[in-house]
Structure formats: C-alpha cells, structure tokens
Amino acid sequence: MLSARRAALAGLARAGEGAPGPGLGPGLGLGLGLGRACSARLLLPPGSAAQPDPSGWREVVTAAVGALQAGGLVAVPTDTVYGVACLAQDSGAVRSIYSLKGRNGRKPLAICLGDVERLYRYCQVNVPDELLRDLLPGPVTLVLQRSEELNKDLNPFTSLVGVRIPNHPFIRELARACSGPLALTSANISCQASTLTVSEFQDLWPQLSLIIDGGPIGDVQSPECRLGSTVVDLSVSGKFTIIRPGCALASTVEILRQKYGLVPESS
C-alpha cells in the first residue's frame, strides 16, 4: 500500500509537469477532483508541530510543489482556516487566484513563508527580530514595507505586503520547499464565510490543481474559528494599526503594547 501511494504521488508530481500520472483510488486516501483543473485530493497523514514530517508528508509536499511549479493553485490547511496558495512570483498564478475567488483586484494577497529568516528578503523590517518571533509562526499577518525582491505584479497598487507564517507544520514545510514565497488567501469566494473543511469549498475544486485535506480545522460549529488571522500593520516605526481583528487580537495587542511599547497609529 505504501509503495502504491508513493507511485500515485509521484504521478501527481509528473502530472504537474505535463506528463500523465496513474489513476488514484480512494484506498490510497486520494480522491479524484471535479473538473479538468483538479488533479486530486490528498489526505494528509496525521502529525503535529513536534513531529513535522511523519510518514507520507514528504511525498505530499513533493506533489504540492509540482502543482505549484506548474502554475497551479493548491488548497492547504493552515492554523486558522483553509487557504489557497500559488507561487507569489508567478504572475499568471496570482491572476488565477483573483479569478478563482472573484476577488476585487485592489484587495491585496498575503505572502506565506516557512521561517522568520526568509521574511527579511521580501520585506523591509523596522521592528525587532524578537517581536517577529513573538508573533510568528502564529495566527497573525504582519504588514510591512515590501522589498524589490517581491514580484511587482503582486499587489502592484501598494508598497506594503502582508506576511503569514502559519503555526501549521505542513504549510511551513511546503513553503520551505519552494524557492520563493507563496501567495496565500482563504479558500472561499470573496465575501463568503471562511472554510474549516475541504468539503466547505467544494465549489472551488474544479479550478484547483490539488487539495490537501488536513481534516477539520478547529470547531466547525464555532463562528470564532472562522475569523482568520489577526492582520496588523507595522510599517510605521513605533506604531501599529489593526487592519482585521481576527482570532488573535488580544494577545497580539498585548505583545505590541506591553512588551515593545508600540502605540496605535491613531494615538
């Protein structure tokens, strides 16, 4: 069974490069997606932050990287809600995300990285490194000045960019495996509720290259679990602005005000 699963995942990686892959059956924890663009749904083996690469994760990461490199959109679990990712440096894939969501073209996309160290390549940082590490990885999006390294077609209408490092071992492994940042947004049509299971965004499946099913995220009956990350603008030295309260507002504000002495920008 394990060798068959690996063969199927290898086929997915080849399919991302344009070569045909083998059929995928439910006995492998894989289900065929709907429509031409959707290659498959991969069931993520259980794991935790303490064990970030359990048996099978490496193959799933390889399949996802292959889909991303082919310009595809991949649904992924995060520490807040399900997301859709593409390569941020791929302008065509970025346009596909906007089309998928019916998203306002002037509503920016965040980038997703695997580690704080990589943030410095794509952002101009004006806060202490310790502050970054107090908030990341975690359910927070930090808005900073973007650097010249970032794709100019990604949010060309602003000099800022939001950065996510989710506290979820799979997406961090995926981000580390990519040469550049991921562009990340929630897996839902714009203005609709965020999703906590893959079945909740089934209408998007036909336009996705791959779906990573990590199971339910949080309590699907709780509205609080659908709030998404707290978005905070740190681009002005010594100040912060809450753009979206999200699920980690109180703890984020406490760190910024009490530990680092930042004040709300309106003050």
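Ser194 is located in the loop that runs between strand 9 (182-186) and strand 10 (210-213). The model described here is a predicted one. With a relative accessible area of 16%, Ser194 counts as buried, because the cut-off for that class is under 20%. Apart from its neighbours within four places in sequence, Ser194 is in contact with Val81, Asn188, Glu200 and Arg226.

A pair of aromatic rings is described by the distance of the centres and the angle of the planes. The count in this model comes to two aromatic pairs. One of them is formed by Trp57 and Phe170, with 5.8 Å from centre to centre and 80 degrees between the planes. The arrangement is edge-to-face, because an angle over 60 degrees places a pair in that class. Trp57 belongs to helix 2 (residues 57-69) and Phe170 to helix 6 (residues 169-177), so this pair ties together parts that are 113 residues apart in sequence. Trp57 is buried at 2% relative accessibility, and Phe170 is buried at 0%.

Tyr82 and Phe201 also form an aromatic pair, which is tilted, with 5.7 Å from centre to centre and 50 degrees between the planes. Distant parts of the chain are linked by this pair: Tyr82 lies in the loop between strand 3 (74-76) and strand 4 (83-87), and Phe201 in the loop between strand 9 and strand 10, 119 residues apart. Both Tyr82 and Phe201 are buried. The loop that holds Phe201 is also the one in which Ser194 lies.

Terms used. Residues numbered from 1 in each chain as written. Predicted model: local features only at pLDDT ≥ 70, side-chain atom pairs only at ≥ 80, totals over all residues. Heavy atoms only, no water. Helix = DSSP H or I, 4+ residues; strand = E, 2+ residues; numbered from the N terminus. Buried < 20%, exposed > 50% of the residue type's maximum accessible area, 1.4 Å probe, protein only. Contact = heavy atoms within 4.5 Å. Phe/Tyr/Trp six-rings, centres within 6.5 Å; stacked < 30°, edge-to-face > 60°.
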